[in-house]
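Please look over this model with me.

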Amino acid sequence: MTTKERVHPAVVGRTVSIVGIGSYLPERILTNADLEKMVNTTDEWIITRTGIKERHIAAPDQASSDLGAEAARRALADAGISPEAVDMIVLGTITPDMGFPNTACFVQAKIGAKNAFCFDIEAACSGFLYGLEIGRQFISTGSMETVLVIAAEKISSILDWEDRNTCVLFGDAAGAVVLQARGAAHGVMASTLGSDGTLAELLMLPGGGSRSPTTEETVRNRLHYMKMAGREVFKHAVTNMTRAAKDALQRSGLGIEDIRWIIPHQANLRIIEAIGERLGVTKEKLVINLERCGNTSAATIVVALDELAREGKLQKHDKILMVAFGGGFTWGASVVEWDK
Ligand code: ACO
């Protein structure tokens, strides 16, 4: 562990459980064959280098809050909880509806969670795990009873559709969980979060902020699109996710053999396989949906978890290890006992 990394102590207050989960994938599917007509790429290159076959793309009139609101409605319905009962909404995104107000407020208005206070977190692909830990803290201390953690991304809105290095990798999606304290349940057992701002330039969206406000020149220079040094990011993703997964596991007091499912951030099949190898787990434990969804940034893990639940693959007391890495750099891992 580096000094940059902060390991959160194992649960000390109330334990916090996922009591509802939902996700939403936009209707439109963009295949690798479609991309072949847009940039100089091939289905074969994309599959071999990333494992991605297709991704969902939001409609022009859908913003991240629309995707997030739909996922939130589904999570609340799953939990059997009314929107008025939500005390707090924390939403992870790098594609907010606009500079401000925050996207969580837009979701609040859409779903009618009028008693909640709402804010966004911007931790790129680690947004869901950051949100999960933030939500857990508020409930654990007794400050809040019901927290909605949402990850909602319309990554298609920040992609340079002329840049084959990035546009083939991403998709749009949203997922949400409802958190509550549930007596003796274990719930979120341990989390590790970390960041390294010295490597920010390897993955960023440089234009449109206070550093480089929008001008004709910034638009002409395509600064409002995501830039990524893929090969460098790849190496840091493998190293940091492996380390974070091991740290969270250690904090939880479990061994890797106790984990039923590992849900890694869905960026690249080769990254997922490298992590699986380093953790010494069989492929059968790794949850992978990126062939259908691509990289949906903060949303990947919660969407995969929801799909696992809907497919009936989660048994009560299954231990799940989730691990993420993204722009910042940011990373995190959480061990959760499924107690729904
Ligand atoms: N089609 C065809 N060729 C391509 C494409 C494409 N879509 N994209 C790049 N290439 C070319 C490159 O130009 C390069 O050509 P060159 O050798 O002539 O220069 C060649 O393919 C190899 O490029 P590499 O970058 O070395 O390819 P690599 O095997 O590293 O795969 C990839 C690239 C898929 C981007 C990989 O590095 C990766 O997955 N990186 C990590 C992404 C990630 O984890 N992101 C996490 C967070 S995302 C977030 O936070 C928002």
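The points below take the pocket, then the strand.

1. Basis. This is a predicted model, where local features need pLDDT of at least 70, side-chain atom pairs count only at pLDDT 80 or more, and totals for chains, interfaces and linings use all residues. Residues are numbered from 1 along each chain as its sequence is written, and side-chain values use heavy atoms, without hydrogens and water.

2. Pocket position. Domain 1 (5-181) and domain 2 (188-337) both contribute to the lining of the largest pocket, so it lies between them. Domain bounds come from an automatic or database domain assignment.

3. Pocket lining. The lining counts 47 residues; F170, L203, M204, M226 and M228 lie nearest the centre. Helix 8 gives the largest share, six residues. The lining splits into 23 nonpolar, 18 polar and six charged residues. Here Ala, Val, Leu, Ile, Met, Phe, Trp, Tyr, Cys and Pro count as nonpolar, Asp, Glu, Lys and Arg as charged, and the others, Gly among them, as polar.

4. Strand 14. All eight residues of strand 14 (residues 330-337) are buried (under 20% relative accessible area, 1.4 Å probe, protein chains only). T330, G332, S334 and V336 point one way; W331, A333, V335 and E337 point the other. Strands are DSSP runs (E, at least two residues), numbered from the N terminus, and helices are runs of H or I, at least four residues.

5. Partners. Strand 14 runs antiparallel to strand 9 (residues 188-195), with seven bridges. Strand 13 is also antiparallel to strand 14, with eight bridges. S334 stands opposite S191 and opposite M322. Pairing needs at least two DSSP bridges.

6. Turn. Strands 13 and 14 form a hairpin with three residues between them, and G328 in the turn has a positive phi of about 145°.

Conventions:
1 Å grid on protein atoms, 1.4 Å probe; cavity = no way out; pocket = protein on both sides within 12 Å on 5 of 7 lines; lining within 4 Å. Buried < 20%, exposed > 50% of the residue type's maximum accessible area, 1.4 Å probe, protein only.
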